[in-house]
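I set out to record what I looked up in this structure, entry by entry.

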Amino acid sequence: MADGSMDLREVRRLAWRAITAHRLRSALTVLGVVVGIGSVIAFATFGASVQAEVVSQFQGTSASEIYVAPGGDSEGGGPDEADFARPAFTDHDVAKLLDIAGVRAVVPRGIVPTSSITHGGQTVARSRMTATTPAAFSADLLVEGRAFRSGAEEVVLNEAAAAGFEPNVTVGSTVTVAFPDGTRNLTVVGIAAGTRGDLTPQFAGATPRFFLPADPFYRTVVESPTVGVDQRAYPQVTVVADAGRRAEVKAAVAASLEDSDAAQLLPDDVEISVQSRTDVVEGVQSVIDRITRFVTGVAVLSLVVGAFGIANIMLVSVTERTREIGIMKAVGATNRDVMALFLAESATLGGAGALAGVPVGVAVGYGATRYADVGFALAVDWIAIAVGIGLAIGVLAGLYPAWRAASVDPIDALRYE
């Protein structure tokens, strides 16, 4: 202090000496910050990992697919189960959509009630199958065989369904399906990884699924308000656009459905949802991001507890070192020097907690992803935020104790016992 002020190295040395003089107390204080930082990073990492996993499933679908179904009501609510399953899109609507420029295919989808399916003497319960059209199966989705033909007694299975029998169902096998009006023998003509219109083919592929041609098996009909005759009506439709024309096709589909059978058959308070894969992905990302931010925000509260711990230990330190402060001031230390010393101590505690909390949080987050069986993704932004908060907490929590130490009267401090 030859110039009347301590240099930075001296401040750091004295701060470190004060911290190591009470190792256990300092360690417990740092632990509070570690828990806070680690919690924030663990929750954020797990949220980022779940988001990446879910989004990757959606991104496995075709970018050119547009999903049409009953959507939210006019006041912004979501559809209830009855609305979502309501057969509203007639053959007239399907044909009208197919005429839109840039549309490669239109894939309607409905449910056919069944009770069981038998193969090789083995019978499994099955309450429903999916009715669709041959356009549901693109070449890249077929693992073996081909798509069924409309009007034929044929069926396509996914891989999970084929493996559900012993021996496995193969192309050319015959399966017996029990429908409400009797049993029918169907020929297996294809094994598919999924169909067009599957938002998450990876998830859907894990569930046994059976696909029938809408003609002749789908018998849900309504009277078309436009043409005045009974037609098949489907609860969902997927429109496949030409490459690079998704946006314009989506707009044309939405415009076409404003004057459609579905618009007249659905209740007035239920709108028709027209969404592309990008829309769905963005919606999923938004929901998961909100949940992650909420849960991570709760974890930030533990950082506040850590801040109180640092403030508490620093106030105790000021009281314990009152005489030392008096001596420092008597030999020339300024109020600024004293404040710098105590701020350095609190910042060191906060910084140590922040740095130690990063690997702890990443490790806990990694363990959570292994337990949940999802891919691991680092939340880099949250790691930077958490470290910054830890350092800020160290400084802010030490401000009042440092000011209190600097305001100690040296005469009174020297008499302090």
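Predicted model: local features only at pLDDT ≥ 70, side-chain atom pairs only at ≥ 80, totals over all residues.

The entries below follow the order in which I consulted the model.

I recorded the crossing of α12 past α13 as right-handed.
I then listed the residues in contact. On the α12 side they include Asn335, Phe342, Gly350, Gly351, Ala354, Val358 and Val362. On the α13 side I noted, among them, Ile383, Gly390, Gly394, Gly398, Trp403 and Ala406. Sorted by class, this contact of α12 with α13 comprises 17 nonpolar and seven polar residues, with no charged residues.

I next asked at what angle the axes of α1 and α12 cross. Helix α1 (residues 8–20) and α12 have axes that cross at roughly 60° and come within 9 Å. That angle makes α1 oblique to α12. The crossing is right-handed.
From α1, I listed Val11, Leu14, Ala15, Trp16, Ala18 and Ile19; they meet Ala340, Leu341, Ala344, Glu345, Thr348 and Leu349 of α12. By class, the contact of α1 with α12 holds 10 nonpolar residues, one polar and one charged.

I looked up which residues have the most contacts inside the largest nonpolar core. They are Val239 and Val253, in a core of 40 residues. For Val253 I recorded contacts with Val68, Leu97, Ile100, Val239 and Val274, leaving aside residues up to four places away in sequence.
A second, separate core has 35 residues, including Ile19, Met328, Ala354 and Val358.

Which strand holds Val222? I found Val222 in strand β12 (residues 221–223). Residues up to four places away in sequence aside, Val222 touches Pro87, Thr90, Val229, Asp230, Gln231, Ala233 and Leu265. I also looked up Val222 and Tyr234, which lie 12 residues apart in sequence and 9.7 Å apart in space, C-alpha to C-alpha.

Definitions and conventions: Residues numbered from 1 in each chain as written. Heavy atoms only, no water. Helix = DSSP H or I, 4+ residues; strand = E, 2+ residues; numbered from the N terminus. Contact = heavy atoms within 4.5 Å. Left-handed = near helix turned anticlockwise from the far one by under 90°. Nonpolar A, V, L, I, M, F, W, Y, C, P; charged D, E, K, R; others polar. Core = buried A, V, L, I, M, F, W, Y, C linked by side-chain atoms within 4.5 Å. Buried < 20%, exposed > 50% of the residue type's maximum accessible area, 1.4 Å probe, protein only. Axes fitted to C-alpha atoms, helices over the stretch in contact; angles between N-to-C directions. Parallel < 35°, antiparallel > 145°, perpendicular 65-115°, else oblique.
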